[in-house]
Amino acid sequence: MNIRSIWNAIASVALKEFLHVWRDKRILALIIILPPFFTLLFGHAFEATELTGVPAVILDRDQTDHSAKLVKQLKKKNTFSWKGTKDTGGDPDLLRLHASAALVIPKDWASTLENGTPAPLKLFLDGTDATSADELEGRLREMLGDFQGQDDVQELTVKPLFEELPPEVFESLKTITPENRAKLKVEFQKLVKPWQTDTHILYNPGLRFIDYVTPGIIGLILQLLTVTLMACTIAREREAGTLAQLIVTPLRRMEIVIGKVLPYLGISLFLIAVTIGVAHFHFSVHFRQPFMLGIICLLFLLCSLGSGLLISAFCHTQTQAIQFAVFYLLPVFPLSGAFAPIERLPDGVRLVSDVFPLTHFCEAFRMASLRNAEFSYFAGDLLFLAIGAVVTCGGAAWILSRTDA
Amino acid sequence: MSTTPQNAAVPAISAEHLVRRFGKFTAVNDVSFRVEQGEIFGFLGPNGSGKTTVIKLLTGLLPLSGGSAQVVGLDVRTDSESIRERVGYMSQNFSLYDDLTVGENLRFYGRIYSLEPARLKRRIDEIIALNNLGPYFDRLAAQLSGGWKQRLALGCAMLHEPQLLFLDEPTAGIDPVARRQLWDLLFELSGHGITFFVTTHYMDEAERCTEVGFVREGRLLVKESPRRLKASFKSRLIELEVDPVMPALAALRNAPGVLDATLRSGHARIYAAEPEHLLTEWQRAWPFPELTLRNHAWVEPDMEDVFKAYSQGFTQLLDSTAA
């Protein structure tokens, strides 16, 4: 064996392998289109990592010039998208308000501000996503700090400090140079305490990230298994020729589709029970509304099994099916809100997120289990999953009936 | 199944001017034929001649582009579901589930045809007995050899007691012994009144059929019994014993008056419109100095010769009135 013949042998295998890819137009199309598409998609998705436009409500129970000024100041930043609402008194219900945060300016806040010791502002935060809640609280404090730093407000807050000073100090102040006066001002500013908020964390008071991320973990594992398992089922029969055999029997296409989905549905439900068990016993995650969670899981599984089946009906070989499954699952990881809230994604990218069953599964699961919300709050997500299940399974049956095996 | 028309006058298959186009390509072109109940109809043709497409049209897998067909008395355009309940189909590569056992494969197909448990059990017992599959009942299909796989596939296709079985190249890739055993089985089943529609490439199998159809480029050239087909070969055949034989074949094919020459048992078989004249010529003046003509013999045409004449379009050799 000389070098030349070894090289020839390797080159002929390489050429053959290249031809496999080249001849498979479906895979070729994926390879050409998807990398630039995903680069654009993911690039835009993570271009800005700051939270913006978080739905928030401001309740001004003071209704004074001071409070109006504070409201105006808060609206300057785009972290929150503040909206007014009818104040029904009591603590705001974030779910009903469709808001992640609510700030209450208490009555007589302006007069306490005049006194130099402003009453703390009440902040209500949705703690479902623990990291976002922390971040939002910090941002709000920053904004309050900015407000506090404004000259006229500062005067009000610095005033009590002056009152405690003996008269001699004021005498001596008259004699110091403007330079020193400025330095002194800075020193006084440092003495002013930043305002505290009276923060109430709702839905996940312990701010446990594991509680937030559990539905994401369960959903992602199940999504991965269901789609890849299912994607091979029809393609495998097509490769083996058994599909042709099935199609000449009196079996209806829908019977094939439903028959194929059922065992995998059973397996997946069992797997969900296992993952929930691990989350509960190992990570002490509590699950509320178990019945509703069951419905959510069932619809989610039907929808993702249907997606896998649709891929399978469309592909001619198992290789193609696996490729398509991988390319379908790839964007689901970062864009479905499994590990980070989709609120962080820009609007255009969120349109893509809304297509994924996992996005709606996570939303609905968190609504039901973490926020203990009523059915109406996640009915939309369930409707999407149900329609998705019908469309994907029906689509698979339709493709099957059109192909002459 | 009791509602099926069992009237002997109803043909198992009646096809009138079948046409199937795929885009601009016409895969089946104006094909008409009848298959009577109890026939073993052999459908012969080169690869790509449209044999499998005809089966797909008759089982309702593909819609017709033109013409009409009745299978077991039912219209393929409107009753394809009822037809599928009454016919069986065994595809080219014995499509079985390799990771299921013999018994599981049988039970699976039985349930698809919604056989009641008692009938399913009886049918499985019958098929096991008929096909001698007993010792392999709990073996995975993947572990069976080609011949046994094919018996199992046949068993699966006839669990629901079809009146008509479509077998698409049932003997492709299996050894001659298994092939003969399969045909013995087909004869036995045919004796029970089952009609067979069998595609094949093997001429010895064609001889075993009660009727044979030749199809070429989507057209049915002829449908006749093997005996009449052979009778339709009007020209006589000479076999030459000539040395060396391989160069002789090449030279003879190009000789004037010769349509083709093939090698049969070491001799060159000559297809010619006027073989007597040719032989006289050769005996007078042998035109190939490098070849030695040792002997000659007249032979009877067999199915392969007939098929050759039809598939290569040697109409001069055929008596169009006989077939």
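Residues are numbered from 1 along each chain as its sequence is written, while chains are lettered from A and ligands numbered from 1 in the order in which they are written.

Among the elements of chain A, the lowest mean pLDDT, 67, belongs to helix α7 (residues 151-163), and the highest, 93, to helix α13 (residues 290-314). Helices here are DSSP runs (H or I, at least four residues), numbered from the N terminus. Where pLDDT is low, the predicted coordinates should not be read in detail.

Helix α10 (residues 209-240) of chain A packs against helix α14 (residues 318-335) of chain A at an angle of about 160°, with the axes 8 Å apart. Axes are lines fitted to C-alpha atoms over the stretch in contact, and angles run from 0 to 180 degrees between N-to-C directions. The angle therefore makes α10(A) roughly antiparallel to α14(A) (over 145 degrees). Residues of α10(A) in the contact include L220(A), L224(A) and V227(A), and those of α14(A) include A321(A), F324(A) and Y328(A); contact requires C-beta atoms, placed from the backbone, within 7 Å.

Between the chains, the contact takes 11 residues from chain A and 14 residues from chain B. On the side of chain A that touches chain B, helix α11 (residues 242-247) of chain A gives the most, with four residues.

Notes:
This is a predicted model: local features need pLDDT of at least 70, side-chain atom pairs count only at pLDDT 80 or more; totals for chains, interfaces and linings use all residues. Helices (H or I, at least four residues) and strands (E, at least two) are DSSP runs, numbered from the N terminus. Angles under 35 degrees count as roughly parallel, over 145 as roughly antiparallel, 65 to 115 as roughly perpendicular and the rest as oblique. Two residues are in contact if their C-beta atoms, placed from the backbone, lie within 7 Å. pLDDT is the predictor's confidence in each residue, from 0 to 100.
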